[in-house]
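Dear colleague,

Please find below the structure that I am handing over to you. My findings follow it, and I would be grateful if you read them with the structure open.

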Amino acid sequence: MEALSTFDLFKIGVGPSSSHTMGPWRAAQTFLARCRDLGLFDRIVGVRIDLYGSLAKTGRGHGTDLALQMGLAGADPVTCDTELLHAQVEVIRAAATIRLAGVKAVAFHPDTDLVFHADITLPFHPNGLTFTANLDAGATHAETYYSIGGGFVVQEGARADEAGAVRPPLPFDTAADLLQQCRTHHLTIPAVVRQNEAAWRGSDDVSNRLRQIWLAMCDCVFRGCHVEGVLPGGLGVVRRAARMNRTLLGGRTFARVEDWIEAVRGCGGGFRDTLQWVSCFALAVNEENAAFGRVVTAPTNGAAGVVPAVLLYHDCFCRAGAAGVEDFLLTAGAVGGLFKKGATISAALGGCQAEIGVSSAMAAAGLAQCLGGTPEQVLMAAEIAMEHHLGLTCDPVGGLVQVPCIERNTMGAIKAITACNLALGSDPGDAKVSLDAVIRSMWETAQDMNTKYKETGEGGLALQIAVNVPEC
């Protein structure tokens, strides 16, 4: 199987969805880069995009149309000004023109050049989209891409370059493989992962990038804890994190994220306060995500609040400070990679168990590692967390990553903490279910799950509230 880096699982981007926003955005960028490589870019006079399956059914609520236009226009989700996104889309619509890669102006009409085929699903994956470049002299060039979850994109017919594939020194495709590497080399899970990361980059670069991920998570939580109002999309969902933050801090305000975290650490309080803070952290991230803010995919955008909520719990309430952040993220990334290889992290394939379930397992493993768990206990924590998310459906109301998605992040975070505590209090030899077994079970459950519960807006809670989702 293809080797995965920690930074494949943790990516800085824009909400609200890794598969419906980030993936299509990256696909648009990739398509234009391919056109350049093929010598076609300067010949383009127009672009049409056809969306299929889940992308067509819930794409408008997930901002797929916005993401595609931004990707074609040359904006990058890591660096763009998120507050200007909707205004930029309105400029494109009003002018009926888009500047490809920021340099080549061509005619573009969102109402006719973005075509949503809700009644067609391509065979490879529910999140399919085809780009067609109209060229001079009446020629065309088309390519099909699939957004397979977590911001990962694959081109139809593309073949992996085995000769150039990364070969980590301590490879693992299953939890059993990972555990064997730990035992053979007398290493912790993050130590194994760190050695493998050396196949891509130097040790200092690994630490710097992990710090960048951590700071981006903290910034996201901080922003979410200080913005009030109603989320976009038509559901009228009121943001709650800022109110909870203000109440828990007794009305105190802070201009810098570092001062705010220090104040949270000093809050003290009992069990209920701790629970409220964990929920506040998770809500803050996913309210930002729903508002097209910048988040860290972990391993998806819809589940982006779980890992930072549990990591901040460790920082603020386990009296650890920022110590252990690198080990937490390396361990969580390893577990996320196991699920991606052995099952899926795409809600369009596996339901919400593939998003919140996986993120909860990742967070549980990271926390167990930082609290002194053995490799066996760390993997047990991940197994327990996923075991109690099996069968969780993806049925977003109005095709928006809001109800029940935002609150589910709070539940996934609390379950992760509970799973960690259970694992640390257990003898791994008593485990009846292995992590590999629960990954297989999750994949079997995903395959058996009715399609209407896989991010289509056609079942479950999605049918309980009538919503008119405005187009971007």
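Which residues of strand β5 lie on its one side and which on the other, and are they buried or exposed? This is a predicted model, and in it both faces of β5 (residues 114–117) are covered. L114 and F116 are on one side, V115 and H117 are on the other, and all of them are buried. In a regular strand, side chains alternate between the two faces of the sheet.

Strand β5 is paired with strand β2 (residues 44–52); the two run parallel and are joined by four bridges. Within this pairing, I49 stands opposite L114 of β5, and Y52 has H117 as its bridge partner. Strand β2 is also joined to strand β6 (residues 127–135), here by eight bridges and in an antiparallel arrangement. In that pairing I44 stands opposite L135 of β6. Seven of the nine residues of β2 are buried, and the strand is thus mostly covered.

I turn next to the helices. Two packed helices are described by the angle between their axes and the distance between those axes. Helix α14 (residues 325–342) and helix α19 (residues 435–448) have axes that come within 9 Å and cross at roughly 45°. Because of that angle, α14 is oblique to α19. The contact brings L338, F339 and G342 of α14 together with L435, I439, M442 and W443 of α19. Of these residues, six are nonpolar, one is polar and none is charged. The crossing of α14 and α19 is right-handed.

Helix α14 also packs against helix α16 (residues 356–370), at an angle of about 145° and with the axes 8 Å apart. This crossing, too, is right-handed. On the α14 side the contact is made by D327, F328, T331, A332, G333, V335, G336 and F339. On the α16 side it is made by V358, A361, M362, A363, A365, G366, L367, Q369 and C370. The residues of this contact divide into eleven nonpolar, five polar and one charged.

R408 is found in helix α18 (residues 405–424). Its relative accessibility is 15%, so R408 counts as buried. Apart from neighbours within four places in sequence, R408 is in contact with C352, I356, L392, T393, C394 and D395.

With kind regards

Conventions. Residues are numbered from 1 along each chain as its sequence is written. This is a predicted model: local features need pLDDT of at least 70, side-chain atom pairs count only at pLDDT 80 or more; totals for chains, interfaces and linings use all residues. Side-chain values use heavy atoms; hydrogens and water are left out. Axes are lines fitted to C-alpha atoms, for helices over the stretch in contact, and angles run from 0 to 180 degrees between N-to-C directions. Angles under 35 degrees count as roughly parallel, over 145 as roughly antiparallel, 65 to 115 as roughly perpendicular and the rest as oblique. A crossing is left-handed if the near helix is turned anticlockwise from the far one by less than a right angle, and right-handed if clockwise. Contact means heavy atoms within 4.5 Å. Ala, Val, Leu, Ile, Met, Phe, Trp, Tyr, Cys and Pro count as nonpolar, Asp, Glu, Lys and Arg as charged, and the others, Gly among them, as polar. Buried means under 20% relative accessible area, exposed over 50%, partly exposed in between (1.4 Å probe, protein chains only). Two strands pair if DSSP finds at least two bridges between them.
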